[in-house]
Amino acid sequence: MAVNNVVHVNECGLPLNAIAWLVKHHQSKIHERTQMIRDLQLEKGSFVIDAGCGPGLWTPLLAEVIGARGKILGIDISTEALVTAQRRSHHTWYRQQVQYKRATLEQLPVEPGTADVIFSANVSQYLPDPVATFAAMGPYLKQNGRIVIKDIDFGTMKFHSIDPFLQQRVFQARQLWESERVDHGYAYEDSWVGSKLAQYLEAAGYKDVQESAYRIVRQHVLPTNFRFYLQGIAEWFVCEGAPYLSPDDVTDWLQCFTDDECNVLDQPEFASEETEYVVAGRWDGVVSRFYADMHIDIAHREPLLIIND
Ligand SMILES: C[S@@+](CC[C@H](N)C(=O)[O-])C[C@H]1O[C@@H](n2cnc3c(N)ncnc32)[C@H](O)[C@@H]1O
């Protein structure tokens, strides 16, 4: 086990972003994620940009609701993720409706005013200035188009049958470390972002902002993919040297999740819960004065790479 190293890292240096990790994480929450997309009630035939699409795991869910006349453009900074996404869409009924391109959230490779929906899942946690990024994305939407941001919030995470004081120390130590790890050469991360998204979208100029909270609860006996997810999360909490946690706490914590004999994941009373947030806002087409210049600059740049059939 890679204790104290960055765990499940992708080629962009983001922890918990390796493709195998993303795939298992997605499978472990597929029921809730399917419901999240259905609840959006996207119109048939919509043009949806999946911003930070990773290996394209949300594509089938989006395709199902927008139907055969819809279009999906997945963008990401990770070439490896895009190549995987492209491969996954081969031989699907929706393959002609999907494109993947390398781009950043701030410089989407489409004309302004063309997207019905911008959807972005599990990406906002990596944005150093989420309000500026969300504001830069708005002008790519049609007037009254929707942005939908989905993300985690580890402030909502609880593991029943683990000492609550140990949990508290582990969570506080990671939160403190996240506030300063950029200064030590790591990529930016805010794993407590979910409950802040509504205020970020409002600050970025979106109207009618609505938050939906999805509580994800799993109990003994855990499905294999959820067990893998929890073990990865447990390891991630104490990776990178866990500078604000004592070595004894690191050992005790990891023992809870990995021990052969007294692993909490095998105990009948075990349960885990966390809440994920889906926050949507409407773009009324008005670019605030502050962000207008930034958009004119970014809208004229070329996409970095195009991966098409
Ligand atoms: C945790 S993964 C989520 C992938 C996918 N949305 C999902 O939920 O399975 C985060 C993805 O965001 C991408 N990413 C991070 N920052 C980005 C940015 N500024 N612009 C575009 N993609 C970004 C990463 O490369 C990675 O593929």
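Analyst: First, the residue classes. Ala, Val, Leu, Ile, Met, Phe, Trp, Tyr, Cys and Pro count as nonpolar; Asp, Glu, Lys and Arg count as charged; the others, Gly among them, count as polar. Also, this is a predicted model.

User: Now the ligand. Where does it sit?

Analyst: The ligand takes up the space of the largest pocket. That pocket holds about 690 Å³ of space.

User: Which residues are closest to the centre of the largest pocket?

Analyst: Leu 14, Asn 17, Asn 122, Val 123 and Tyr 126, out of 42 lining residues. Helix 1 (19-28), strand 2 (71-76) and helix 8 (224-237) each give two or more residues to the lining.

User: Which element gives the most there?

Analyst: Helix 1, with 5 residues. By class, the lining of the largest pocket has 26 nonpolar, 11 polar and 5 charged residues.

User: Back to the ligand itself. How many residues surround it?

Analyst: There are 19. The closest are Gly 52, Trp 58, Asp 76, Ala 121 and Asn 122.

User: What classes make up that shell?

Analyst: The shell has 11 nonpolar, 7 polar and 1 charged residues. Asp 76 is the charged one.

User: What does Asp 76 do with its side chain, in terms of distance to the ligand?

Analyst: An N or O atom in the Asp 76 side chain is 2.6 Å from a ligand oxygen. Asn 122 also has a polar side-chain atom by a ligand oxygen, at 2.8 Å.

User: Which backbone N or O atom lies 3.2 Å from a ligand nitrogen?

Analyst: One from Leu 105.

User: Last one. How much of the ligand's accessible area does the protein cover?

Analyst: The protein covers 94% of it. On its own, the ligand has 590 Å² of accessible area.

Note on methods
Residues are numbered from 1 along each chain as its sequence is written. This is a predicted model: local features need pLDDT of at least 70, side-chain atom pairs count only at pLDDT 80 or more; totals for chains, interfaces and linings use all residues. Side-chain values use heavy atoms; hydrogens and water are left out. A residue is near a molecule or strand if one of its heavy atoms lies within 4 Å of it. A polar contact is a pair of N or O atoms within 3.5 Å; within protein, one must be able to donate a hydrogen and the other to accept it, and residues adjacent in sequence count only if both atoms are side-chain atoms. Accessible areas come from the Shrake-Rupley method with a 1.4 Å probe; for residues, only the protein chains shown count as cover. On a 1 Å grid over the protein atoms alone, a cavity is a set of points where a 1.4 Å probe fits but cannot get out, and a pocket is an open set with protein on both sides within 12 Å along at least five of seven lines; lining residues have an atom within 4 Å of a point. A molecule sits in a cavity or pocket if more than half of its atoms lie within 2 Å of its grid points. Grid points are joined across faces, edges and corners, and a volume is the space filled by probe spheres set on the points. Helices (H or I, at least four residues) and strands (E, at least two) are DSSP runs, numbered from the N terminus.
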